[in-house]
Amino acid sequence: MTPHILTRSLDRAATSFILIVAAFGVLIPLSNLLLLPGSVFHVPTYLVALWGKYVCYAILALSIDLIWGYCGILSLGHGAFFALGGYAMGMYLMRQIGSRGVYGNPVLPDFMVFLNWDKLPWYWYGFDKFWFAALMVLLVPGLLAFCFGWLAFRSRVTGVYLSIITQAMTYALLLGFFRNDFGFGGNNGLTDFKDILGFNVQAEGTRCALFLLSCLALVITFVICRAVVTSKLGKVLIAVRDAESRTRFLGYRVESYKLFVFTLSACMAGVAGALYVPQVGIINPSEFAPGNSIEAVIWVAVGGRGTLVGAALGAFVVNYAKTFFTSGALAPYWLFMLGALFILVTLLLPKGIVGTFNSWWEPRRVQRNSCIAADEASAAREDGVGAPKMAE
Amino acid sequence: MLVHCSDRVRALLLAVLLLTCLVVPALAGPFEDSVAKFANDDFSDTEAAIGEVASSGNPLASTILSALQDGRLSADPDTKKIFVTRSDGKIIDAATGAAVDKLSDNVADVRVNNRLRRAIEAALGGLTLLSSDPAKRLAAAQSVFKSHEENLLPTVESALAKETNKSIKQALAEARAAIILFKSDASDSDKLDAIAVIKARGDQEALALLNDVGTDQPALVTKAASSAISSIQSNLAMWSMVQNAWYGLSLGSVLLLAAIGLAITFGVMGVINMAHGEMVMLGAYTTFVVQEMIRTRYPALFDYSLLIAVPLAFLVAGAIGVVIERTIIRFLYGRPLETLLATWGLSLVLQQAVRTMFGPTNREVGNPSWMSGAFELGQITITYNRLWILCFTLAVFAILLAMLRYTALGLEMRAVTQNRRMAASMGIATSRVDALTFGLGSGIAGIAGVALSQIDNVSPNLGQSYIIDSFMVVVFGGVGNLWGTLVGAFTLGIANKFLEPVAGAVLGKIAILVLIILFIQKRPRGLFALKGRAVEA
């Protein structure tokens, strides 16, 4: 069964995407660790961390593409799930600091000592164990998405209304996490991490391992997304996207399909956030800002909605452009470019890079294939075998 | 070491102070002798001097005391002469009022401490009770009410007999009551009358005063005081409700103003305009530019700056709105999610453009004189700018409603809202209506910006802070219904202000957001949903 799903879901484009990501995931850490700093192919550690960040963004973009591209749910609050996953990981990393903090308290993180708290709040229990934190990375965003989606989809909140209330959700979380008495470090967030599973987070080896893990997570997420969208479930999702009422009248429980895919997508976003935090070294409430979530949506739009590969590509391209422009003399113009990107992509490139490429390439491919088929057929006819096939 | 030293000095001073309080102060001598005591540089002597100067009836008394209060009184320790540096810089001899050319080098300021400051305040209060300026008399009566200095009773009573102004008379009566309540030799019935007067006043200060009534008072008085306290408390609770309601109305009017333009574009055209907040911002910056022009060229017109800014902001934001509709939104009809993204991009561009032109910091927008200040209504203070904004919002709402109801454009807009295809079949140029509607919605956002510039920081981020709230209002109230927006805005505003004292500002806001999310589950199309076939379109 499993191999069957895999062969069905991995067409040529998908396989090459996986191979490219895997190659990056192996080659970049290798070049960082093995080659000397003087070498042309040496990748400095800061670039490994930066690209690791892009890979996490690509996972987030995939999770958005899964619901927006294939189910028509435009979530403007996916940054919230990303940030919640990040906070779960951040809490684990905070507990690992132990007595090495500024105040040297073996149990309480620095900000709690600073706020004169005398014991750990109950929701911080268990985060000293990695397996528990890893479980929470999936569970917290998943549970929030499940509750939110259960309420929203059951009462048939769709389209723009859904987008706006997801935005309200992330906005409410933003306000909440800014408060000190929420117990998540207020507006400073969680930072000053020391080590993860006993390895120093700053060390080159750890950074390379995290990069490799992020690439692995991207591949796994991609395969899961492909498996979902190419299955029968995926076909129903596309039907929901294109004609929700009609799908419902055909007897499908639309809200269950939506709820499943929304929750799955939130878990993926949580994983992306969890991998993001140790590589960036900080998580703070600004990750909940509604603007971040909308920016993530534009990655998907640029790359190509409903293509998966495009979503990941869009995340790379836009974020690379952001790093490139915001670090140079063009910094004041970055917001102009980002804004123009939003407008131009929606107006002129509604299918995104990959979608446009596909619609340009597809007729040619079909034509070429039919040419090949015709050649083969004429060759076969000469052999006197192909004639019945042509009749079909 | 220094700390220890000053501690010791302070202890010594305290001891001296206590001693002189026990020993009855020296009898009042001539005015000059009293004034000379300021030169002793001793807090207890200074206090005695304050009392003597205040009761001297000398016309210089208030000059000397207010100089002492402001640190403009100086003393020559050798000649024991006291000098007042008047606020215009001229120096006079405090005892005689004669002008002095300049002070010698060893002259030092007369020092005061908090205890003395209170004494000065009380003494000045007694002095100004008889001032010719009604505002000063009122302030003096209020300060006597707070200090209830026993020795001011005769002054208060004589002032009360002379007073003709009704509200000052009231204040004086209350001051007299406060003094009598704490006067040890007043009769019980006088005290009960005093409590009745204070109870009638019924504000926080009256409450504080009654709370000070100690157990050493007769049982009858303490009982009356405690019943007065509880009645004032329930009265105050009611006023705080009224105050919350007023704050809520004020917040609601701001929300309504910000959301009303959105209600039009969203309701009529189904367009999610994320750049709506930036239209508000453009309106606010238009006000800024208008005020700058007026400041530099025609300063006399400053009070009319808002009247000039309102139509200009409408035109600027409206014109930009029409341009946006013609160049971007027109191509995205039927694709609401894409419109959302494109207008979000637009909002980034507009913000950055304003940031480049005007700088990232807050710009100063002034209040015209008729919008600054406040007045008291019962126990609450109402600021004029909030009141004007409430009136302005309701006026804009009424005009808009009338426009939709009675003009040809309004008729066409309603027709397009209700059934776009039918309207088109009847010969309405729907695309023209769309452009004008979008312009109208943006223009109203611009007007909102003029009003919001009066109460909020004018910065490139101004619009961002309103966009989510405005969407909440529109979604809560129901799309395509202006009355829904009105009810939604005021409900959210009032609910927010009533939650704030209970849950705190941020938690209250979070609670409102969560409530709206839950509310949408119950009524996905808002409070006043459109019914009929148009809904599914």
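Modeller: The crossing of H15(B) and H18(B) is right-handed, a crossing being right-handed if the near helix is turned clockwise from the far one by less than a right angle, and left-handed if anticlockwise. This is a predicted model, in which local features need pLDDT of at least 70 and side-chain atom pairs count only at pLDDT 80 or more, while totals for chains, interfaces and linings use all residues. Residues are numbered from 1 along each chain as its sequence is written, with chains lettered from A and ligands numbered from 1 in the order in which they are written.

Biologist: What makes H15(B) roughly antiparallel to H18(B)?

Modeller: Helix H15 (residues 384-406) and helix H18 (residues 430-452) of chain B pack at an angle of about 165°, with their axes 11 Å apart. Angles over 145 degrees count as roughly antiparallel, and therefore H15(B) is roughly antiparallel to H18(B).

Biologist: Which residues of H15(B) and H18(B) meet?

Modeller: Ile389(B), Phe392(B), Val396(B) and Leu400(B) in H15(B) meet Ile444(B), Ile447(B) and Ala451(B) in H18(B), where contact requires C-beta atoms, placed from the backbone, to lie within 7 Å. By class, this contact has seven nonpolar, no polar and no charged residues, and Ala, Val, Leu, Ile, Met, Phe, Trp, Tyr, Cys and Pro count as nonpolar.

Biologist: How many residues does each chain bring to the contact between chain A and chain B?

Modeller: Chain B brings 33 residues and chain A 37 residues. H14(B) gives the most to the side of chain B that touches chain A, with 14 residues.

Terms used:
Contact = placed C-beta atoms within 7 Å. Helix = DSSP H or I, 4+ residues; strand = E, 2+ residues; numbered from the N terminus. Axes fitted to C-alpha atoms, helices over the stretch in contact; angles between N-to-C directions. Parallel < 35°, antiparallel > 145°, perpendicular 65-115°, else oblique.
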